[in-house]
Amino acid sequence: MAESTNGAAKPRFVTTTVEVEGRTEERVVEVPAFEPTPWEADAALTHVGARARRVDALLKSTGRPGYTTDLQRAQLAHAVVVRATVPRGRLTALDISAARAVDGVLDVLVHADVPARTRMFSADITYVGQPLAAICATTREAAEHAASLVRATVEPLPHAVTVEAALRGDAVRPGLQNNLMQGAPRTNTRGDIARGLAEAEVTITREVRTPCVLHSALEPHAAAAEWDGDHLTVWESTQGIYRVRDNLAKALGVPLTSVRVICEAMGGGFGAKNYAGPHTYIAALFAKRLGRPVSCVIDRLGEQIDTGNRPSSWQRITLGATRDGTLTAIQLEATVPLGIGGWEGGPGEIFHELYTCPNVSTHETFAFVNTAAMAAFRAPGHAEGAVGLEIAMNALAKELGIDPLVLREKNLATHDQKKNRPYTGNRLAECYAEGARRMGWSTREQVRAASKRATPHLRRGFGVAAQVWSTGGGPPSYATVRVNTDGSADVLAGSQDLGTGTRTILAQVAAEALGHSLDRVRAVIGDTASGPYAGNSWGSMTVASLTPAVRMAAEDARRALLEAAAGLLGVAPDALETREGRVVVRGTERSLAFGEVTAKLGNVMIQGHGSRGPNPQDAGIVTTGAQFAEVEVDVETGVVKVLRIVAVHDAGRIVNPTLAESQLEGGIIQGLGFALFEERRLDAKLGLPLNIGLHDYKIPTIADMPVIDGHFLDGADSKANHVGARGIAEPAIIPTAPAIAGAVADALGVEVNELPITPWRVLAALGG
Amino acid sequence: MKLSINGRTVSAEPAGSTTLLDLLRDDLALVGTKRVCDRGECGACTVLRDGVPIYACLTLAHACAGHEIRTIESLGNTDAPHVLQESFAAEDAAQCGFCTPGQLMAAVALLEHNADPSDTEIVAAMSGNLCRCGTYPKIVRAVRRAASLARAGTAEPTRG
């Protein structure tokens, strides 16, 4: 067991920076008592890196892994939300008498009934879908029927659902000086953009629009609550049990330690389930008032109009370069309608990161409008920004007469330009090369020409795009590993599994570090009562944040186990090693199974503690990758069919290739929806969302699937953390839509620069 | 009314407006069948009526009187999984798993009618079931695998 042997006393708590969803946060962190020696790329590992089966795969195939929406409790009552149907106005009266009279209705919550910190049921209506009241009944049907009988009297006020209207100054909500986030646009500059443009021998400008898209997790937002005296237990479909606990304690004014949050299994999040929401508070408040468990499950309409979105963007991009393709200037002007709240998850950041360029300027206007607030959605900002930047790069390549792949390779970012420091690892150049080889990039001209001869109305095209995304994770994250008296082991962590496979990879890392067999290690997660703190599953940071803590805890437990076994075997602890659940005297056949050691110990507990140490401060930690798209466009109908996506990413060590590929495919498929189908439509005049179900809001189906060739570069990033792993969830989606857009332009010879690339936009671009 | 659910005769007195999905989930606690859109858009509530896949959210409970309903609970369990459940697990065809019961029941119906489906036939049969995590490529492989195992006789018949 290796550990740092730094003789000088290290401070136990230090301040470090971590990046979450593109935002940098300063945090105080604990420096671990020991740091395991990094697993280098050539480390001989058994379980880490193996294609282990998802531990709950069969359980999920029974339909009963423990979703919040499936919770069964005696006397469980059901709550529903009453929502505003106008984008802005003043609620002057709310008649709930008819609702109360419905058979089965138990209780009603209105503004006067709820703590101010829940911020629910305001009389100032600022978007369609805003909660106005909640109804609880013995059955969901009764509650829904009662909700339909609530009569709201609203004095309408002018609204703004577009950036243009918001910038004209119509107030979208009380208390705003203007309708801009932070009161003003955000400008970020590196170098001298005027000089960069002056030095350019070629400049191009493009306008690009990306749509507002919806997370559309199949399990809706949902919570169930039950009180036992002053103690509250909440089941929540969430990406962060600890954050929900914190939100609940603050909103309800109860002690943090009186709240327990459980998420055994959840049906998708994608960024929209990071906090407690009105459904959580409604369930908790009704449960308290009624003295019985209450469930609040948001219906699909509520999901469509009030649980977050990726906001739309308008981008005007200007690129300047010398004749040889060296970038001299990157300029972005963008507007983003956030909705009634949100944060600056804008397209600008990637313009500073993806390519080497001394002169970069981004100017982004984030406007509040009368629609539901945006929420983080898988690579917020970067997914939109990559569309604008990469479309512009393709236009520049065409203008220069350079292969778009060559232009990208020429301007590769070799270091973290925002903080002027190296990366711990960035093998994007290899991703380009491997992806081009897999796609057959060099023969694309022949394929295109042959296809055009064979089927003149079906045009083949090829595109490429790249990504960069901070995936270093960071502290605080803790884990406990215990070896049970039967020799099996548990990993305890306050994390949750969204469907990414967290439960599986934590067990793999613990089994590796313990020297145990994987089927004897179980991850116990999703419960604030049992697992020490772990952060939200967001920002593609769970693997990099949590697996080092799990590894450390497992090594700590292993050390204790070896010390116990040493006495039993009559040798020194350092003469022992562990292999597949046995303690072995090195170089001999003598061994004891873990269970034989623990059986001798009685109720003495073998447990290890692990914590996540700080990230290196002198290097940026990113996942990079390139994706290539091959499409076929029917120029008579305008229909785009994606034939193939090749994706090659460098995410450091891959803990489980099968699960990583699944996540990569998931990002690509969501990116395909972003490129071709998905768009939340609004009636600007009425402020009404128009596509309010999964029939009108199109997500990809199995019939839309291309061939997906997903690949990860072999290796490990041992400078990033001692497991050597980074994240992949968000990187996966970033290049897909711009690669498809590039392929469509390649096929048609004209660009379609507004997503989604629908048949009518294709036909319009062709002049049809 | 009486109907058969997973081989057992069930007596129920649902309201006229009660859907099969409400009956299954709310009255019978058969919550393996999922409620997602509740209006026939996503396929998460797919069950079999007399062997034919239907959306339970669009089917009135009374329309099932005298019929044979099969839900995800009629397949295997983790100790003795149905060949399709085993194949979904082997191919990692479930991420969050929320659409999986509906996918499985659509696949059961397919394989009961077509023991050797082509990929095109698999896609056609499964295209009424949405997944947001992006398991589609692995679903095709899982159905193909299950069909192959069943044909080779290395698995129980696919009837669930």
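In this predicted model, the buried residues of helix H3 of chain A pack against strand E3 (77-83), helix H2 (97-100), strand E5 (105-109) and strand E7 (131-137) of chain A, and also against helix H1 (20-27) of chain B. The residues in question, within a helix that runs over residues 140-148, are A:Arg140, A:Ala142, A:Ala143, A:Ala146 and A:Ala147. Because they cover an arc of only 160° around the axis, they lie on the same side of H3(A).

One of the elements packed against by these buried residues, helix H2 of chain A, contains A:Ser97. The C-alpha atoms of A:Ser97 and A:Ala146 are separated by 9.6 Å, although the two residues stand 49 residues apart along the chain.

The contact between the chains can be taken next. Here 46 residues of chain A are in contact with 42 residues of chain B. On the side of chain A that touches chain B, helix H1 (57-61), H3 and helix H16 (657-676) each supply at least two residues, and the largest share, eight residues, comes from H16(A). Sorted by class, that side of chain A has 19 nonpolar, 16 polar and 11 charged residues.

Elsewhere in chain A, helix H6 (residues 241-252) and helix H7 (residues 278-290) have axes that come within 11 Å and cross at roughly 60°, and H6(A) and H7(A) are therefore oblique to each other. Their crossing is right-handed. From H6(A), the residues A:Val244, A:Leu248, A:Ala251 and A:Leu252 meet A:Thr280, A:Tyr281 and A:Ala284 of H7(A), a contact whose residues divide into six nonpolar, one polar and no charged.

The crossing of H3(B) and H4(B) is right-handed. In this contact B:Gln103, B:Ala106, B:Ala107 and B:Leu110 of H3(B) meet B:Ile122, B:Ala125 and B:Met126 of H4(B), and by class the residues comprise six nonpolar, one polar and no charged.

Definitions and conventions: Residues are numbered from 1 along each chain as its sequence is written. Chains are lettered from A and ligands numbered from 1 in the order in which they are written. This is a predicted model: local features need pLDDT of at least 70, side-chain atom pairs count only at pLDDT 80 or more; totals for chains, interfaces and linings use all residues. A residue is buried if 20 or more other C-beta atoms lie within 10 Å of its own, exposed if 12 or fewer, and partly exposed in between; C-beta atoms are placed from the backbone. Helices (H or I, at least four residues) and strands (E, at least two) are DSSP runs, numbered from the N terminus. The arc is that of the directions from the helix axis to the C-beta atoms. Two residues are in contact if their C-beta atoms, placed from the backbone, lie within 7 Å. Axes are lines fitted to C-alpha atoms, for helices over the stretch in contact, and angles run from 0 to 180 degrees between N-to-C directions. Angles under 35 degrees count as roughly parallel, over 145 as roughly antiparallel, 65 to 115 as roughly perpendicular and the rest as oblique. A crossing is left-handed if the near helix is turned anticlockwise from the far one by less than a right angle, and right-handed if clockwise. Ala, Val, Leu, Ile, Met, Phe, Trp, Tyr, Cys and Pro count as nonpolar, Asp, Glu, Lys and Arg as charged, and the others, Gly among them, as polar.
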